Amino acid sequence: MRRTSLLAVPVAFLLALIPGTASAYPNPGTVTGATTIHDPTMIRTSAGRYLLYGTGGGLGYRTSTDRIAFTAGSDAFSAKPGWWSSYATEAWAPDISYQRGKYLLYYAVSTFGSNKSAIGLATSSTGLPGSWSDQGTVYTSTTSSDYNAIDPNLFVDGDGKWWLSFGSWWTGLKMIQLNPATGKQLSSNSTRYSIASRPTGTKAVEAPYIVKRNGYYYLFASYDTCCAGTSSTYKVKVGRATSVTGPYVDKNGVSMMNNGGTPVLESHGRYIGPGGQSIMNDSDGDLIVYHYYDGNDNGTPKLGVNLLNWSTGWPVAY
């Protein structure tokens, strides 16, 4: 991930701006060690240590001191919260952040293909495995819902308002407003906003992640099919809006409520089905952190990390 040549980054970035070229999408930056992961979310502590969590078990943990060499540790939860059993036995798609002097971990509990799902919240003073305190459910869906309460992402706006985006398939991606004091839905605003959908054809859009850059809100999402090894068709797209609740549109002005989205990462070479993305701001810029399926390793899901360039007004991975 570290830059090895002053010329390498500009050349790669320029090629990335040319759609349809062999180099339209960059290879992931170099990572080593315990890099098998799904749906990664990463943060850097004030001491410079990277904490990464991902899908599986009680939420798998990886750590690094240089963003290159990663080691595995215990799952986030030493004992799975009892309420999980109403939905599943494993947690998915965590989202870690540091707010108000503590670490927050939002995550989903569900089974593949079902929308009987729940988003949970845990808090910690260190962010380390075994330190997480269960705060229970935040939002749920049932088999009669037209949405799926998985893949949560917390966004804190500049005015101090908290928003949770989430969703997978069905009628697409949703958003609710949270109470910063509890990390759960704000009682005075029960609205469930719709921010992205695919009304015709496949319903495959999930894993929202929102950031604000240069006056715009950017919604990243994963499209098409994950979790099928080398047959996965996952890809990352983005839209932007002037309001956190949308409407989000892509570079061509197509609404993300109508299958819009500007490509950020797609399959290329051995790097198949990139998605499950999160965005992290680091000392050298914004990172997109994601998984892909390694075509040279029987489709094993692995960690991908790239920098993002925003100079065009749209995020370009390099």
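# Close-up views of a predicted model

**View 1. The largest cavity has a volume of about 130 Å³.** The structure shown here is a predicted model. The count of cavities of 30 Å³ or more comes to 1. Strands S6, S15 (205-213) and S19 (271-282) are the elements that each give two or more residues to the lining of the largest cavity. The lining is made up of 15 residues, and those nearest the centre of the cavity are Ala93, Pro94, Pro152, Gly276 and Gln277. By type, the lining residues divide into 7 nonpolar, 5 polar and 3 charged. Rolling a probe the size of a water molecule over the atoms shows where empty space is left.

**View 2. Strands S6 and S7 form a hairpin.** Strand S6 covers residues 91-99 and pairs with S7 in the antiparallel sense, over 7 bridges. In this pairing, tyrosine 98 stands opposite tyrosine 103 in S7. There are 2 residues between the two strands of the hairpin, and arginine 100 takes a positive phi near 55°.

**View 3. Strand S7 also pairs with strand S8.** Strand S8 spans residues 117-124, and its pairing with S7 is antiparallel, with 7 bridges. Tyrosine 107 stands opposite glycine 120 in S8. Is strand S7, residues 102-109, mostly covered or mostly uncovered? Strand S7 is mostly covered, since 7 of its 8 residues are buried.

**View 4. Cysteine 226 and cysteine 227 form a disulfide.** The sulfur atoms of cysteine 226 and cysteine 227 lie 2.2 Å apart. The pair counts as a disulfide because this distance falls within the cut-off of 2.5 Å. The count of disulfides in the model comes to 1. The link is left-handed, with -65° about the S-S bond. Cysteine 226 has a relative accessible area of 11%, so it is buried, the limit being under 20%. Cysteine 227 has a relative accessibility of 40% and therefore counts as partly exposed.

**View 5. Leucine 308 is a buried residue in strand S21.** Strand S21 consists of residues 300-309. Leucine 308 counts as buried because its relative accessibility is 6%. Which residues does leucine 308 touch, not counting residues up to four places away in sequence? Among them are Phe220, Val264, Ile279, Asp286 and Leu287. The list also includes Ile288, Pro315, Val316, Ala317 and Tyr318. Leucine 308 and isoleucine 288 are 20 residues apart in sequence, while their C-alpha atoms are 6.8 Å apart in space.

Key: Residues are numbered from 1 along each chain as its sequence is written. This is a predicted model: local features need pLDDT of at least 70, side-chain atom pairs count only at pLDDT 80 or more; totals for chains, interfaces and linings use all residues. Side-chain values use heavy atoms; hydrogens and water are left out. Buried means under 20% relative accessible area, exposed over 50%, partly exposed in between (1.4 Å probe, protein chains only). Helices (H or I, at least four residues) and strands (E, at least two) are DSSP runs, numbered from the N terminus. Contact means heavy atoms within 4.5 Å. Two strands pair if DSSP finds at least two bridges between them. On a 1 Å grid over the protein atoms alone, a cavity is a set of points where a 1.4 Å probe fits but cannot get out, and a pocket is an open set with protein on both sides within 12 Å along at least five of seven lines; lining residues have an atom within 4 Å of a point. Grid points are joined across faces, edges and corners, and a volume is the space filled by probe spheres set on the points. Ala, Val, Leu, Ile, Met, Phe, Trp, Tyr, Cys and Pro count as nonpolar, Asp, Glu, Lys and Arg as charged, and the others, Gly among them, as polar.
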